[in-house]
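This briefing concerns a single protein chain, shown below.

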Amino acid sequence: MSGAVEAKLAELGLTLPEVVPPLAAYQPAVQSGVYVYTSGQLPMVGGKLSVTGKVGDEVTAEEAKQLAATCALNALAAVKSVVGDLDRIKRVVKVVGFVASASDFTGQPGVINGASELLGAVLGDKGVHARSAVGVAVLPLDAPVEVEVQVELVEA
């Protein structure tokens, strides 16, 4: 099933990917009432990380920003896997982004803007959200970025 949200993705030249299979004992997303919580999404494309390393060292902030957008796209795929139709999204409530950072890198908000800007471009006003952008020492698989998303659904 595809609707207005997926049409907007297509208009932006984006394709909703397959859900990234869990790397451990968890689900990609779960629904509780009118909320869907995604697990942390890595910037996987075709089941692989195209870039690894620390932002501010092996990975530039601009590369990491694009990777954060990929994480957000993967989060939308995880939401769809639970609810079936992205048009059920009433709003994005919260985005939490983790940036594997070199010790002197302080641009985490700019990196996570990649996810926030993608959600805004795809969902318009429904994509405006609260957010945290956190620098960490290392992420799973040496990923530079990880993003999790919480959305509120229109009641069915």
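Glutamate 6 counts as buried, at 18% relative accessibility, since the limit for that class is under 20%. The model is a predicted one.

**Salt bridges**

- The side chain of glutamate 6 meets that of lysine 80 in a salt bridge with an N to O distance of 2.7 Å.
- This pair links distant parts of the chain, with glutamate 6 in helix α1 (residues 4-11) and lysine 80 in helix α2 (residues 61-83), 74 residues apart.
- Lysine 80 counts as partly exposed, at 22% relative accessibility, whereas glutamate 6 counts as buried.
- A salt bridge also joins aspartate 142 to lysine 54, and their closest N and O atoms are 3.7 Å apart.
- Because aspartate 142 lies in the loop between β6 and β7 and lysine 54 in the loop between β4 (48-49) and α2, the pair ties together parts that are 88 residues apart in sequence.
- Glutamate 152 and lysine 90 form a salt bridge in which the closest N and O atoms are 3.8 Å apart.
- Here glutamate 152 belongs to strand β7 and lysine 90 to strand β5 (residues 89-100), so the pair ties together parts that are 62 residues apart in sequence.
- Glutamate 152 counts as buried at 17% relative accessibility, while lysine 90 is partly exposed with a relative accessible area of 47%.

**The loop between β6 and β7**

- Leucine 141 lies in the loop between β6 (130-136) and β7 (145-153), and aspartate 142 is found in the loop between β6 and β7 as well.
- Leucine 141 has a positive phi of about 60° although it is not a glycine.
- Aspartate 142, likewise not a glycine, has a positive phi of about 65°.
- Leucine 141 counts as exposed at 52% relative accessibility, and aspartate 142 is partly exposed with a relative accessible area of 30%.
- Together with Leu23 and Tyr26, Leu141 makes a nonpolar surface patch of about 280 Å².

**Aromatic pair**

- The count of aromatic pairs comes to one.
- Its members are tyrosine 35 and tyrosine 37, whose ring centres are 6.4 Å apart and whose planes stand at 40°, so the pair is tilted.
- Tyrosine 35 is partly exposed, with a relative accessible area of 29%, and tyrosine 37 is partly exposed, with a value of 37%.

**Overall fold**

- The protein has three helices and seven strands, and from the N terminus on these run α-β-β-β-β-α-β-α-β-β.
- For 156 residues, a compact globule would have a radius of gyration near 15 Å, and the 15 Å of the protein agrees with this.
- Its C-alpha atoms fill a box of roughly 45 × 30 × 25 Å along the principal axes.
- Of the 156 residues, 44% count as buried; one of the buried residues is leucine 123, at 6% relative accessibility.
- Leucine 123 lies in helix α3 (residues 108-123).
- Between leucine 123 and valine 20 the C-alpha to C-alpha distance is 21 Å, and the two are 103 residues apart in sequence.

**Annotated domain**

- An unreviewed UniProt entry places the feature "domain: Endoribonuclease L-PSP/chorismate mutase-like" at residues 6-148.
- Over residues 6-148 the chain is 31% helix and 24% strand, with its end C-alpha atoms 20 Å apart.

Technical notes: Residues are numbered from 1 along each chain as its sequence is written. This is a predicted model: local features need pLDDT of at least 70, side-chain atom pairs count only at pLDDT 80 or more; totals for chains, interfaces and linings use all residues. Side-chain values use heavy atoms; hydrogens and water are left out. UniProt positions are given in the numbering used here, feature names are shortened, and annotations may be inferred rather than shown by experiment. Helices (H or I, at least four residues) and strands (E, at least two) are DSSP runs, numbered from the N terminus. Rings of Phe, Tyr and Trp (its six-membered ring) pair if their centres lie within 6.5 Å; planes under 30 degrees apart count as stacked, over 60 as edge-to-face and the rest as tilted. Buried means under 20% relative accessible area, exposed over 50%, partly exposed in between (1.4 Å probe, protein chains only). Patches are made of residues with over 30% relative accessible area and no salt bridge: like charges are joined within 9 Å, nonpolar side chains (Val, Leu, Ile, Met, Phe, Trp, Tyr) within 5 Å. Accessible areas come from the Shrake-Rupley method with a 1.4 Å probe; for residues, only the protein chains shown count as cover. A salt bridge is a side-chain nitrogen of Lys or Arg within 4 Å of a carboxyl oxygen of Asp or Glu. The radius of gyration is taken over C-alpha atoms; the globule rule is 2.2 Å times the number of residues to the power 0.38.
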